[in-house]
Amino acid sequence: TWRFWLPGAVGLIALLLGVGFGGIRNTLSERRLYARAVAEGTPEALHAYLDRGGLRPNVQTVLLPTAELEALERQGSLEDLERYSQQHPDSAIRGAIDLAVRDALLQALTTAKEAKSISALDAFTRSHASHALVLQEVQAARRTLLARAAESFVRDFAAPGSDLGPFIEKALSSLAEKGPDVEVRFERIVPDSVAKADKVVSKDPHFLAVMLPSQYFDEAHSKAREEKLFQALEQRFSKAFAPDVLHLVHAAPLTPNAAIPDTVERPTLFISHSTNMGSGIGNLNPSGTFVGVGFLFKANFKTPGWTTPVEIKYSTWKPPDLLKLRKAKISIPDVYLSMADAAFGTFEERLVAWLFRS
């Protein structure tokens, strides 16, 4: 019986020994490959280990990405680091990747800050999708530049004795996150006296449509006067501030009967103007009734986080210049247009003088 089973038993023992010795050989070979790959620590060596059938999970999840990251750091390319970060969002070494990208971003931010402009910081954030890793440093750099701009305004452009310095500094600091736009919004106040004046003038037996006073203070005329006033402000602000620091924007006027808000989301200069019309004054040559106009102006500067009123007011009364009208030195429309030009012109001078030095 033993002669019958002996060859099979010998074969089985040989097979088991062969498998055992082969396993030991493979294990020792894998250990040598692994040790060599770890010693070299390069992506090429670790890839070679995996290509030869290496199965240690830490090579794929930790060692290889760490080697790839170190190689990218030695190359010193921020763009390559950012690309690698985007391609491996769930990497086991996510923290190390973020740290490497952050270090490279800080170096690039140092270069951007040397330009000493908000535009350079904006270009930096637009160019680097990972800029959120250094967002605090970017915001701090913006605040520093805006604080210097506020100091420059007070030193070189603000009206002598002006107390607007702290307000401007607060306004600019609020622009650090919102961008440079500062809005100018007008409020057009039309008192009941305007309709009453129209009624008085239209009852004159010599009434002509050209004599109706309200038409010279309608939306179209108001818009033109507001635009002229805005352009005067824009000219002065553009000299005091770089456009990436503070940029004046002619925003939509307040809707009728809408009050100026107590708080704003961004710095806003509200300018209201009102025309109060008086009782009629009869005139001969040309015959008709004309009214005087009282102008009331108010500029109210607001910014987030500032509650103390920052405002200026101006009022004036303009009678109709009937003497020039009778001498034909002005036309009927000029009676009211000259009033508005004079009132808005004086207010413009006072508003500019309130904000800026001569």
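Guide: Start with the residues that touch. On the side of helix 6, they are Ile118, Leu121, Asp122, Phe124 and Thr125. They meet Val138, Ala141, Arg142, Leu145 and Leu146 in helix 7. Sorted by class, this contact has 7 nonpolar, 1 polar and 2 charged residues. Bear in mind that the model is predicted.

Now the geometry. Two packed helices are described by the angle between their axes and the distance between the axes. Here helix 6 and helix 7 pack at an angle of about 165 degrees. Their axes are 10 Å apart. Angles over 145 degrees count as roughly antiparallel, so helix 6 and helix 7 are roughly antiparallel to each other. The crossing of helix 6 past helix 7 is left-handed. Helix 6 covers residues 118–127, and helix 7 covers residues 135–156.

Lys116 has a phi near 55 degrees, a positive value in a residue other than glycine. Its relative accessible area is 62%. The cut-off for exposed is over 50%, so Lys116 is exposed.

Ala328 lies between helix 11 (322–326) and helix 12 (332–355). Its phi is near 65 degrees, and Ala328 is not glycine either. At 66% relative accessibility, Ala328 counts as exposed.

Next, the strands. Strand 1 (residues 181–189) pairs with strand 3 in the parallel sense, over 7 bridges. Within this pairing, look at Glu187: Ser272 of strand 3 stands opposite. Strand 3 also pairs with strand 4, this time antiparallel, through 14 bridges. There, Ile271 stands opposite Ala299 in strand 4. In a regular strand the side chains alternate between the two faces of the sheet.

Finish at the turn of the hairpin. Strand 3 spans 268–283 and strand 4 spans 288–302. The hairpin has 4 residues between the strands. Asn285 takes a positive phi near 55 degrees in this hairpin. The peptide bond joining Asn285 to Pro286 is cis, with omega about 0 degrees. Pro286 is in the loop between strand 3 and strand 4.

Note on methods. Residues are numbered from 1 along each chain as its sequence is written. This is a predicted model: local features need pLDDT of at least 70, side-chain atom pairs count only at pLDDT 80 or more; totals for chains, interfaces and linings use all residues. Side-chain values use heavy atoms; hydrogens and water are left out. Helices (H or I, at least four residues) and strands (E, at least two) are DSSP runs, numbered from the N terminus. Buried means under 20% relative accessible area, exposed over 50%, partly exposed in between (1.4 Å probe, protein chains only). Two strands pair if DSSP finds at least two bridges between them. Axes are lines fitted to C-alpha atoms, for helices over the stretch in contact, and angles run from 0 to 180 degrees between N-to-C directions. Angles under 35 degrees count as roughly parallel, over 145 as roughly antiparallel, 65 to 115 as roughly perpendicular and the rest as oblique. A crossing is left-handed if the near helix is turned anticlockwise from the far one by less than a right angle, and right-handed if clockwise. Contact means heavy atoms within 4.5 Å. Ala, Val, Leu, Ile, Met, Phe, Trp, Tyr, Cys and Pro count as nonpolar, Asp, Glu, Lys and Arg as charged, and the others, Gly among them, as polar.
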